[in-house]
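Please keep the sequence and the structure in view while reading.

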Number of protein chains: 2
Amino acid sequence: MVMPASAVAVPESGVPGSMGDVRRSNLSLVLGRIAEAPPGVHPSRAQVAAATRLTKASVSSLVLDLLEAGLLREVGLNQQGRGRPSVGLELNPARSVMGMEINVDYISAGVTDLAGNLLVRETQERDNRSGGHVPVLAALAGLAAKVRAAAGDGGVQVLGGGLAVPGLVEPAAARVLTAPNLGWTNVDLDLGALLPDVPLGVELFNEANAAALAELRHRPDGASDFVFVSGEVGVGGGLVVGSELFTGPGGHAGEVGHVVVDPEGVRCSCGGTGCLETVSGQDAILAAAGIAAGSRTRSESIEALVQALHEGQPRALSAVERAGQYLGVALASTARVMNVGSLVLGGHFAVLDPWLRAPLLDSLERYAPGRFAPEQVGLSAVGQAGALLGAAGSVVRSLVDAPHRLQY
Amino acid sequence: MVMPASAVAVPESGVPGSMGDVRRSNLSLVLGRIAEAPPGVHPSRAQVAAATRLTKASVSSLVLDLLEAGLLREVGLNQQGRGRPSVGLELNPARSVMGMEINVDYISAGVTDLAGNLLVRETQERDNRSGGHVPVLAALAGLAAKVRAAAGDGGVQVLGGGLAVPGLVEPAAARVLTAPNLGWTNVDLDLGALLPDVPLGVELFNEANAAALAELRHRPDGASDFVFVSGEVGVGGGLVVGSELFTGPGGHAGEVGHVVVDPEGVRCSCGGTGCLETVSGQDAILAAAGIAAGSRTRSESIEALVQALHEGQPRALSAVERAGQYLGVALASTARVMNVGSLVLGGHFAVLDPWLRAPLLDSLERYAPGRFAPEQVGLSAVGQAGALLGAAGSVVRSLVDAPHRLQY
DNA sequence: GACGATTAGTTTATTGCCTGAACTATATGC
DNA sequence: GCATATAGTTCAGGCAATAAACTAATCGTC
């Protein structure tokens, strides 16, 4: 797992520290070390002790707690030359978390083990725009139950879940403030009903943020700082800084789609003017490319656009070129304000990359010269499953950060 | 990067927590409570215990350490009705830190006590653009020695210092990467020579960042999240998020001056195109207003501009109007990406506020509708002393965060 | 194949720090 | 002067990490 094993031997500010905090911090430190290990590598207590600089005695005691909590498992003996063979440690593969996603035209639920491997996943096509949120959640609860049962058949226990939604969310209140493409406003979600009786409960995430976290975990270059731009109906974003999601004071940072790229531009659905979304969002590109929605679904329209690009249709090409140029304007500004050095394109930006990339790079060079070599502009490594994987991974991560939550 | 500034003494990432961390954290917690108290209020051990939820026993022991370290002082008896009178606690007024500033045409040094009150300050006009950094630092060392001696005459000991510089800095390396307006590039500073033999050493800050921290401390509304825009020769910025400076992964976040506000705009000194600085920087405004630099100093030019505005000269008015509009574009984008809800104007933006404000607010409303009520757009509360106060305050803050650094 | 060297993991004594409860100190009010 | 109330200290108890000694298991070598 890619995460900074930050050993914070101390509670949030404002509350006194006591020795229990040290214990909790060190539990997290040890668990994090084991979670970080590459697949197939099973560190021993001694290795963890060396890596963390805790003593062998402390690690033994901490590992015992984690074994009892069911988070770790001992796995065989590692023989490494002389001396007593070590006992390998790994994340318990019988513990898992569920990731769920509600999008405009589908719902999806999947279970990953604590190492992030997707064990089961089911997607169900569904028009979620009509009928309000109640039936959507009911359908998702059914899908989740099904997936959970499948995992249970494999002997896997689900500890908690994460739900990703394309809109502004208030995670603490389990509330969706606004999800324009779903037509939801101030919707309170009964997350408990979605996945009953799980020890860690269910957390709520913004879709682009969740997807950004999934990228963080799966980036081949292991970048720990980047701007993720998710091109969906709206243009969303996730800011990853120091391997953490940056959500800002209000919790909704990363609205790259509403950076002003053309002060003289057109009105945006957000009420603003000249937002990136108005030139580089799916609808804007399709319209500029002259591809009518007609009776097509959105993904069919994108396919038609790709087809047109392959055919070299000038209108399609210039629409995408324009989108790339303006994307460069927004990302140059964002990257300079945040001082982030790499970019990850998701959604339709990834799909359109072959045509979008050159104008994007040119634009970046024009507006933020010398900052972005081509290799700093990457494509999504997880694709459409990003939101689901990110939501699940984030729940795992918060568990690794605070493993004591599972020891009663 | 300007200190992690988490309210607590956290060990380096990956280092095990031990009981010493608890002690350090609680020392900081207690000291922080006392530092937070309004001027004239001297909390007792019992009050601190109640506020922190530490036991009276722990607080007594922690306070003893802090007294011995010279950070706290007992002050008289508070009589509050029945019972044994309490002993007031306050930050030791005999301990202080020094703030220093190098700017284009002056150097400045001042001493504040730990509560942030400015005790002595001296400013010396000086052309720092010519002759390189060595004589500048020599002059500043002399000024600092003078100010330190003055403080010493008052019985005040200087514990450490902070230096603010208008440029990109690498605080850990005591290095100025680039300070365009000083003509410095990759300059290594001997900070120790600036203020010899202080227990906490001297830290380096970016000017706009330091000023932003000073605003944080002195804001009348107590806002803990804002974008500070410092209008100097360049347009700098400081992002304050959750009462912390946000410096980004590379340590140089907040370059509001290089947000693209006009993709079709002119070349910027940074190599980019259409940056805010190219339309709202001092030089840009003065040029647009038709005010020649001539033999004037920069501040004289600004005075001439204000004069022209008072006289209602159309060219000056429209130059400032344009600057305000574009400032709105940059701030709307920045505030949406960072999800920060209030703005603070410094430097010439504060000076020009009477003429700048209306177009700025209009522009904000146009590009980020419904986000910025007029009261969310404030003016600098500290003015020109901001960088100096911020540098000093930041040193105090890192001391409060980690008071054990003073107990040998 | 016994023995020393080597490495893994556990046990034990010690130390540091917080907690709670008992205790001392110093005021008010009747 | 005595009950009451509040501030602050002392002391025993417990938890968690550490260091060092100890047990466990394997390899290499004579």
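**Protein chains and DNA strand C**

By class, the surface near DNA strand C consists of ten nonpolar, eleven polar and seven charged residues. The model described here is predicted.

**The surface around DNA strand C**

- There are 28 residues around DNA strand C, and those that come nearest are K56(A), S60(A), R84(A), V87(A) and R23(B).
- Of the DNA strand C atoms within 4 Å of the protein, 71% belong to sugar or phosphate, and the rest belong to bases.
- The side chain of R23(B) has an N or O atom 2.6 Å from a phosphate oxygen of DNA strand C.
- For S58(B), the distance from a side-chain N or O atom to a phosphate oxygen of DNA strand C is 3.0 Å.
- The element that gives the most to the surface near DNA strand C is α1(B), with four residues.

**How chain A relates to chain B**

- In general, a rotation about an axis and a shift along it relate two copies of a chain.
- Here, chain A is superposed on chain B by a rotation of 180° with a shift of 0.1 Å along the axis, and the RMSD is 0.1 Å.
- This is the relation of a two-fold axis.
- Because 93% of the interface residues of chain A are also interface residues in chain B, the copies meet through the same surface.

**The interface between the chains**

- Chain A contributes 58 residues to the contact, and chain B contributes 56 residues.
- The two chains bury about 4400 Å² between them, with 60% of it on carbon and sulfur atoms.
- Four salt bridges are counted between chain A and chain B.
- One salt bridge joins R336(B) to E255(A), whose closest N and O atoms are 3.3 Å apart.
- On the side of chain A that touches chain B, the elements giving two or more residues are α1 (19-36), β12 (235-241), α10 (314-338) and α12 (353-367) of chain A.
- Of the elements on that side, α10(A) gives the most, with seven residues.
- The side of chain A that touches chain B comprises 31 nonpolar, 21 polar and six charged residues.

Notes: Residues are numbered from 1 along each chain as its sequence is written. Chains are lettered from A and ligands numbered from 1 in the order in which they are written. This is a predicted model: local features need pLDDT of at least 70, side-chain atom pairs count only at pLDDT 80 or more; totals for chains, interfaces and linings use all residues. Side-chain values use heavy atoms; hydrogens and water are left out. Copies are superposed by least squares on the C-alpha atoms of residues with pLDDT of at least 70 in both. Contact means heavy atoms within 4.5 Å. Buried area is the accessible area (1.4 Å probe) that two parts lose on being put together, summed over both. A salt bridge is a side-chain nitrogen of Lys or Arg within 4 Å of a carboxyl oxygen of Asp or Glu. Ala, Val, Leu, Ile, Met, Phe, Trp, Tyr, Cys and Pro count as nonpolar, Asp, Glu, Lys and Arg as charged, and the others, Gly among them, as polar. A residue is near a molecule or strand if one of its heavy atoms lies within 4 Å of it. A polar contact is a pair of N or O atoms within 3.5 Å; within protein, one must be able to donate a hydrogen and the other to accept it, and residues adjacent in sequence count only if both atoms are side-chain atoms.
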